[in-house]
Amino acid sequence: MKLTRDDVTLGTYLASFRVSAFRLECRQHYDNPTEREWFARYLETGEVPVFTPDNDAWCKLVAEARAAGKAVQRVHLVQEPPSDYVRFELACQRASLDAGEDIRVIAFRNVEARPLGNHGHWGDFWLFDDAIVVRLEYDEAGRFLRPVAASDPAPYRRCRDVAMARAVAFRQYRATLAAG
């Protein structure tokens, strides 16, 4: 979980937030070297790795945060129909949900429809304790480039509030995929 560039270490914020950590996930594909083999297997078999707090650092962080009374939340913007990668990612995120993360989805069909309305967004970001914003920059292929600190958390808090209000629960969204 060490994402460090330009003196911004995301892992430090993830390990030290006191009340809440919120993630807005906007991309329809992330090119994470760790996931490439898992994704290929998913495409072949439909299977994803079994993650638990005992074998996965992220699930452990989420479980420990929840046990300490902290909120870990995520809203994933999903363009429909969801890509194979998004289906894979959602299948993997069940483990994080089981560990205690509050995951929600905003489904949309047309990117011009602006799923967050006039509140806009600045791509993927983390908001820690309503005060610290770390934007996540990716290249066109979905490869992570760098975390960038943002100076004013107010627009990100508004964006989070709108996203949380418009999103549906992860399990509710998954049920629509299973039915479709």
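Reader: How do you know that glutamate 35 has no salt bridge?

Author: Let's set the distance against the rule. A salt bridge needs a side-chain nitrogen of Lys or Arg within 4 Å of a carboxyl oxygen of Asp or Glu, where Lys and Arg count as positive, Asp and Glu as negative, and His and the chain ends are not counted. For glutamate 35, the nearest side chain of opposite charge is arginine 36, at 8.5 Å. Since the cut-off is 4 Å, glutamate 35 has no salt bridge, although it is buried. One note on the background: this is a predicted model, in which local features need pLDDT of at least 70 and side-chain atom pairs count only at pLDDT 80 or more, while totals for chains, interfaces and linings use all residues. Residues are numbered from 1 along each chain as its sequence is written, and side-chain values use heavy atoms, with hydrogens and water left out.

Reader: Where is glutamate 35, and which residues does it touch?

Author: Glutamate 35 sits in the loop between strand S3 (20–25) and helix H2 (36–45). Helices (H or I, at least four residues) and strands (E, at least two) are DSSP runs, numbered from the N terminus. Leaving aside residues up to four places away in sequence, glutamate 35 touches Tyr30, Tyr85 and Phe88; a contact means heavy atoms within 4.5 Å.

Reader: What makes arginine 109 buried or exposed?

Author: Its relative accessible area is 60%, so arginine 109 is exposed. You will find arginine 109 in the loop between strand S5 (102–108) and S6. Not counting residues up to four places away in sequence, arginine 109 touches Gln79, Glu80 and Pro81.

Reader: What is the peptide bond from glutamate 80 to proline 81 like?

Author: That peptide bond is cis, with omega near -5°. Proline 81 is in the loop between strand S4 (71–79) and helix H4 (84–99).

Reader: Why do aspartate 129 and aspartate 130 count as they do for accessibility?

Author: Aspartate 129 has 26% relative accessibility, so it counts as partly exposed. Aspartate 130 is at 31%, and therefore counts as partly exposed as well. Aspartate 129 has a positive phi of about 50° although it is not a glycine. For aspartate 130, also not a glycine, the positive phi is about 60°. Aspartate 129 lies in the loop between strand S6 (125–128) and strand S7 (132–138), and aspartate 130 is in the loop between S6 and S7 too.

Reader: What makes a strand an edge strand here?

Author: Let's begin with the sheet. Seven strands form an open sheet in the order S8-S7-S6-S3-S4-S5-S9, with mixed pairing. Its edge strands are strand S8 (144–150) and strand S9 (168–169), each of which pairs on one side only. Two strands pair if DSSP finds at least two bridges between them. S7 and S8 run antiparallel and are joined by six bridges, so they meet that rule of at least two.

Reader: How do you know how many disulfides there are?

Author: A disulfide is a pair of cysteine sulfur atoms within 2.5 Å, and by this rule the count is zero. Take cysteine 26: the nearest cysteine sulfur, that of cysteine 159, is 7.2 Å away, and cysteine 26 is in no disulfide. For cysteine 59, the nearest cysteine sulfur belongs to cysteine 92 and is 9.8 Å away, and cysteine 59 is in no disulfide either.

Terms used: Buried means under 20% relative accessible area, exposed over 50%, partly exposed in between (1.4 Å probe, protein chains only).
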